[in-house]
Amino acid sequence: MELVYTGKTKNVYALENGNYLLKFKDDCTGKDGVFDPGENSVGLTIDGVGDVNLRMSIYFFEKINAAGIRTHYVSADLQDTTMEVLPAKVFGKGLEVICRYKAVGSFLRRYGEYIEEGADLPAYVETTFKNDEKGDPLVTKDALVALGVMTDKQYEDIKDMTQKITAIVAEDLKAKGMELYDIKFEYGYAPDGSVMLIDEIASGNMRVYKDGKYIDPMTLSELFFA
């Protein structure tokens with residue numbers, strides 16, 4: 001295997017069959033030792049978080065594939081904490097897509113003068129460029145198209161897929177007595193331009209509450225698989 005990318009929470013290796021292998025780590029994004037899925041740097045390490053993130057990713061990728069929504073997921077090996085995925089090109093130099101059900105985190109920091117903390121949002125979708133130095137700046141649909149990062153159709157496909165996937169995740173959490181506030185995704189595209197969900201779907205990429213209290217990633221995973 002050839003190491004092709006070292007990420008914050010995963011390393012990426014090229015496989016001989018043309019696919020890629022994701023190796024999950026125990027690192028989490030955050031600041032000052034506190035987990036925050038909206039942060040753009042590693043803030044802490046939690047033993048075992050790579051394993052539970054992979055387990056949750058397997059669960060949701062299989063469910064999303066079954067729902068007819070395209071993902072890069074092929075298979076996984078829990079013993080090695082790895083996931084085999086289809087090749088996909090990222091949009092631009094990397095793009096994150098967030099779906100928000102509640103006004104918290106960076107959304108509240110930006111727009112707090114217009115909305116109360118925890119207020120409902122209508123499956124609000126926003127996109128940010130992955131750029132640590134610039135703090136992952138927000139980017140609009142018009143800018144993405146004007147910059148040649150994606151087509152109008154690709155954006156609309158991403159928005160539609162994001163809202164459908166978020167609903168699947170939220171329903172499963174709700175069934176276990178938890179409430180999804182927001183979740184972060186990444187997308188790529190195949191040679192024919194078709195969009196697919198990539199990266200992971202794990203507790204480290206979502207903000208979830210139970211009885212009005214925030215649930216940290218490890219506790220969330222424990223509750224989810226209980």
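The radius of gyration here is taken over C-alpha atoms, and the globule rule is 2.2 Å times the number of residues to the power 0.38. With 226 residues, a compact globule would have a radius of gyration near 17 Å, and the protein agrees, at 17 Å. This is a predicted model: local features need pLDDT of at least 70, side-chain atom pairs count only at pLDDT 80 or more, and totals for chains, interfaces and linings use all residues. Residues are numbered from 1 along each chain as its sequence is written, and side-chain values use heavy atoms, with hydrogens and water left out.

**Overall build**

- The protein has five helices and 16 strands. Both are DSSP runs numbered from the N terminus: helices are H or I with at least four residues, strands are E with at least two.
- The C-alpha trace spans about 50 × 45 × 35 Å along its principal axes.
- Of the 226 residues, 49% count as buried. Buried means under 20% relative accessible area, exposed means over 50%, and partly exposed lies in between (1.4 Å probe, protein chains only).
- Among contacts between residues at least 6 apart in sequence, 55% join residues at least 24 apart. A contact means heavy atoms within 4.5 Å.

**Surface and charge**

- Helix α1 covers residues 49-66. Its 18 residues should span 26 Å at 1.5 Å a residue, and its end C-alpha atoms are 26 Å apart, which agrees. The expected span is 1.5 Å times one less than the number of residues.
- Buried residues of α1 include Val52, Met56, Phe60 and Ile64. Val49, Asn53 and Phe61 are also among them.
- An α-helix has 3.6 residues a turn, so residues three or four places apart point the same way.
- Gly48 sits in the loop between β6 (42-45) and α1. Gly48 is partly exposed, at 29% relative accessible area.
- Leaving aside neighbours within four places in sequence, Gly48 contacts Asp26 and Met218. Gly48 and Met218 are 170 residues apart along the chain, yet their C-alpha atoms are separated by 8.2 Å.
- Just after α1, Gly68 takes a positive phi of about 85°.

- Helix α4 has 24 residues and reaches 35 Å from its first C-alpha to its last, close to the 34 Å expected at 1.5 Å a residue.
- Among the buried residues of α4 are Tyr155, Ile158, Met161, Ile165, Ile168 and Leu173. Asp172 is also buried.
- Gln163 lies in α4, residues 152-175. Gln163 counts as partly exposed, at 29% relative accessibility.
- Beyond its neighbours within four places in sequence, Gln163 contacts Pro122, Ala123 and Val125.
- Gln163 and Thr219 are 56 residues apart in sequence and 25 Å apart in space, C-alpha to C-alpha.
- Ala123 is in strand β11, residues 120-129. Ala123 has a positive phi of about 50° although it is not a glycine. At 17% relative accessibility, Ala123 counts as buried.
- Gly177 follows α4 and has a positive phi, near 80°.

**Other sites**

- Asp199 is in the loop between β14 (195-198) and β15 (206-210). Asp199 has a positive phi of about 70° although it is not a glycine. Asp199 counts as buried, at 17% relative accessibility.
- Glu116 is in the loop between α2 (105-111) and β11. Glu116 is exposed, with a relative accessible area of 65%. Leaving aside neighbours within four places in sequence, Glu116 contacts Ala103 and Leu108.
- Lys23 is in strand β3, residues 20-24. Lys23 counts as partly exposed, at 31% relative accessibility. The C-alpha atoms of Lys23 and Lys10, 13 residues apart along the chain, are separated by 5.3 Å.
- Beyond neighbours within four places in sequence, the contacts of Lys23 include Lys10, Tyr13, Asp80 and Thr82.
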